[in-house]
Amino acid sequence: MCGIVGYIGKEQAAPFLLDGMSKLEYRGYDSAGIAVMEGSKIRLEKCVGRLDALRAKIAGDMPVGTIGIGHTRWATHGRPCDRNSHPHADESGKFVVVHNGIIENYLVIKEELLAKGHVFLSETDTEVVSHLMAELWDGDFESTVKKILKVIKGSYSLVFMTEHEPGKIICTKKDNPLVIGLGEGENFIASDIPAIISRTRRTFIMSDGEIATVTADGVWVQDINGTPISKKVFVVNWNAEAAEKGGFEHFMLKEIYEQPKAIRDTMTGRVDKENETITFPELNWTSEGMAQINKIFIVACGTAYHAGIVGKYYLEQLARVPVEVDIASEFRYRSPLIDSNTLCIVISQSGETSDTLAALREAKKLGARTLGVTNVVGSAVAREADQVVYTYAGPEIAVASTKAYTTQILAMLMLAIYVGRLRNTLAEDRAKELVRGLGMVPEQVHELLENVDQIKVFARQYASCEDAFFLGRSLDYAVALEGALKLKEISYIHAEAYAAGELKHGTLALIVEGVPVIVLATQSDVYDKTVSNLQEVKAREAVVIAIGFVGDENLKKYADSVIYIPKTDKYIAPLMAVLPLQLLAYYAALTRGCDVDKPRNLAKSVTVE
Ligand code: M6R
């Protein structure tokens, strides 16, 4: 997730670009850069760090010109550094591009371009596009862009400039946002509306596959076959703050709704739908290497720890390796039994959590192989672990983790399938079945998030309660832990999660009339047992909300209410079962008037012990 801006008109471009980029820093802040047409030459200025670093770099020597593009980066391919910052150019500097997304086939394209003599300066996937532009240039800007689109695969918003046709900017998109702002004698391009509303409120949203040619006097949209497309212009009436949250009331809600995309992006390059396999090019593990691993530790804090518990079920069941999951602040002081056949996986959204980092260092010191699963490229975890698997959730602003969690459990499932195949503990047909199931997840998650009225009603109904309980068995238990954490951290309702079979060993004493109990029932192998536990709490007059698969009419017989999630494989169910829990917590907190994005006493990144 990066921020893109573009300007073409009568005013100086650079001040608008910098201002627009400042409104998009929530989309990425690893590095920033602009390209401005100075006379007939493109001047490129970029550097690592926040936007202020770029401002300082060009202070007193701002690029002069009325056409330009800019970018704030959230690194995906290549660590944050000057060279990897956008915009990217070809070696002549005449073709320039900014990009948000992932070019999946960039390695193949890069090899071909290298063979043709192109010289690459960065480690990014994006740079292939600027070189492709030079390679495919046929004297016509639009035609060249269409040729590029026939070569690249993946997800993108792309904005192009060239010295050969200096009076226009061309942009296009697939699976990533792009809006056009319309002014008088000037026009604007941006990833998101906050970047442009200080200058215009007349906008339209680009759709996938559309190509817009933007000049100072107008915007023309066409598809790849040259068919003109007429766009419906609308007037934005959000204020700047609401615009930054994409019209959502809170970042947390926005991030909940970003999950289909976060999931899709995290699968990119790993879920091979054609061959129905999982690949991890960044790991390149072998069967021999994996056969040597006789123990896995998963170490993390908070929500990431809960993702680790889901990961334990996956790795033990699919890859048949014993797994211990540890809270990082415990692991670091408890002299864990580790040797060189141990793999230690640390999970951290930020990659900077103090205890998680200390645990990683401890595991390395004791001789384990280490793998970081993190959302932040170039973070401490990414730098210090032997190998890294990135989740591509994009920046998470709300303290309560949502999209980071779903992408973490997705990463763990993909990893377990990958390792299971390498160790030959997972049959090929079963792996294929799981891969097919994964392919449907973004759409199913989207569908679930479109039907949340019932969840809102429950949240309001139970917002005044003092306690709530979450029950489940197996993977449902792991998800229940996360549901309880979400509820307590943002709504301040006391919430506990229990393995459903454990309840009667003490906690059942707390179940009295009217206490809300959320029972997850998505795991077929323990379903009947879970339903029995559900009946036990119902018999104590708890109010039971069950979460199960669409079509499970049986649950209606026992629970007071049922929230249905789309039918999927039991291993994929956590990716969907957690969504109602996130929403329940969100709407309960809202009803109670809590500060949802900044819950009391908590910080987004815990960099102290
Ligand atoms: O950045 P990390 O994933 O290492 O953070 C770990 C926890 O602090 C974090 O998951 C925390 O529990 C969540 N913000 C809670 O929603």
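On a 1 Å grid over the protein atoms alone, a pocket is an open set of points where a 1.4 Å probe fits, with protein on both sides within 12 Å along at least five of seven lines, and its lining residues have an atom within 4 Å of a point. A volume here is the space filled by probe spheres set on the points. You're looking at a predicted model, where local features need pLDDT of at least 70. Residues are numbered from 1 along each chain.

**Second largest pocket**
- This pocket holds about 960 Å³ of space.
- Its lining has 39 residues, and Arg 27, Pro 177, Tyr 257, Glu 258 and Lys 261 sit nearest the centre.

**Largest pocket**
- Here you get about 1,300 Å³ of space.
- The lining counts 43 residues, with His 77, Glu 104, Thr 268, Gly 269 and Arg 270 nearest the centre.
- Elements giving two or more residues to this lining include α3 (106-115) and α15 (428-449).

**Cysteines**
- There are 0 disulfides in the structure (a disulfide needs two cysteine sulfur atoms within 2.5 Å).
- Cys 344 is buried, at 0% relative accessible area, while Cys 301 is partly exposed at 26% (buried is under 20%, exposed over 50%, partly exposed in between, with a 1.4 Å probe and protein chains only).

Key
This is a predicted model: local features need pLDDT of at least 70, side-chain atom pairs count only at pLDDT 80 or more; totals for chains, interfaces and linings use all residues. Side-chain values use heavy atoms; hydrogens and water are left out. Helices (H or I, at least four residues) and strands (E, at least two) are DSSP runs, numbered from the N terminus.
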